Amino acid sequence: MDPLNFSMGVVVTLVVVALLFDFMNGFHDAANSIATIVATRVLKPQHAVLWAASFNFLAYFLFHLKVAATIGKGTIDPSIVDHYVIFGALIGAIAWNLITWYYGIPSSSSHALVGGLVGAAVFKTGGFGALIASGVLKIVAFIFIAPFLGFIIGSSLMIGVSWLCRRMTQRKVDKYFRRLQLLSAAAYSLGHGGNDAQKTVGIIWLILIAAGLSTTQSDIPPWVVLSCYTAMGLGTLFGGWRIIKTMGNRITKLNQARGFCANSGGAFTLFLASAFGIPVSTTHTITGAIAGVGVTRGTRRVRWGVASNIVWAWILTIPCSALIAGIAWYIGQLVL
């Protein structure tokens, strides 16, 4: 695509829409960061979102931009990207986020964005040739691997905590883990910011590459990174209250120790994925960790019906957001 066809007005508009998506990502996924500490009454909701938003932003100083690189140049061929593709991808992701938020379904903003990119690229080229198979397959694989890791780590931590605290009274356990849960929620919010904010960094970088304002060999401009972390932090601050009930107590009943183990399992998984540059779903990760913690009390302690509904949302996210993105790409050609 000729970079001269990308006017500065188009670039600014797409960057603003991308930051709107990032804000909605934080808004939509706020419940993932604070569900356990709200459900166990460690913090009031308004204090919990401030806690989570602060650590979302602090991730800016701690994580390398490997996830951004995967989104920016490892999902679809940057050479086919134009303003219609970016517009379609963002509208597809935003629309799916709004639909799932309205119905209180903990779906993945990350996979909605990937689905949007895939759908817009496929509709533009009329086939799958523009997709970078290694990047897309890695993301799809972690739809299943991330919650599984969260499940294993969360359940293992719960077993270890139960053994270490077996001679302590429940009151004493709650006292210790009430404080430790703040640390685990902070760690999870760091992981959330470090993985999720980078996806929008990658999208804006893709816009700049397509407009001829950057290259795949260039460093990502600092203003892009700072604005994305700020937008996500603000989104988290406003919170997505509809999803808190599902994540907090509908999957399994949580107390302070179980909340600590769930958040810690989710945080460890997110740190690991970010270190390898893998865009994963924070929603999938924390859901797996909560289920893993619950299953240590017996399989009947987990509401598998609720969990299965969430799994269906996981499966449908990429194809549904891809379809919406394809339609938005077509409409964009008519109106932009």
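Tutor: Helices here are DSSP runs of H or I with at least four residues, strands are runs of E with at least two, and both are numbered from the N terminus. The model is a predicted one, in which local features need pLDDT of at least 70 and side-chain atom pairs count only at pLDDT 80 or more, while totals for chains, interfaces and linings use all residues. Residues are numbered from 1 along each chain as its sequence is written, and side-chain values use heavy atoms, with hydrogens and water left out.

Student: How many aromatic pairs are there, and how are the rings of W51 and F55 placed?

Tutor: Rings of Phe, Tyr and Trp (its six-membered ring) pair if their centres lie within 6.5 Å, and planes under 30 degrees apart count as stacked, over 60 as edge-to-face and the rest as tilted. By this rule there are 7 aromatic pairs. The ring centres of W51 and F55 are 5.0 Å apart with their planes at 55°, so this pair is tilted. Elsewhere, F57, Y60, F61 and Y229 form one aromatic cluster.

Student: What is H111 in contact with?

Tutor: Contact means heavy atoms within 4.5 Å. Not counting residues up to four places away in sequence, H111 touches I139, I143, P279, S281, H284, T317, I318 and S321. L206, leaving aside its neighbours within four places, contacts G72, I76, P78, V81, I86 and L117.

Student: At what angle do helices α7 and α11 pack?

Tutor: Two packed helices are described by the angle between their axes and the distance between the axes. The axes are lines fitted to C-alpha atoms over the stretch in contact, and angles run from 0 to 180 degrees between N-to-C directions. Helix α7 (residues 170–210) and helix α11 (residues 282–295) pack at about 150°, with axes 10 Å apart. That makes α7 roughly antiparallel to α11, since angles under 35 degrees count as roughly parallel, over 145 as roughly antiparallel, 65 to 115 as roughly perpendicular and the rest as oblique. Y188, H192 and D196 of α7 make the contact with T282, T283 and I286 of α11.
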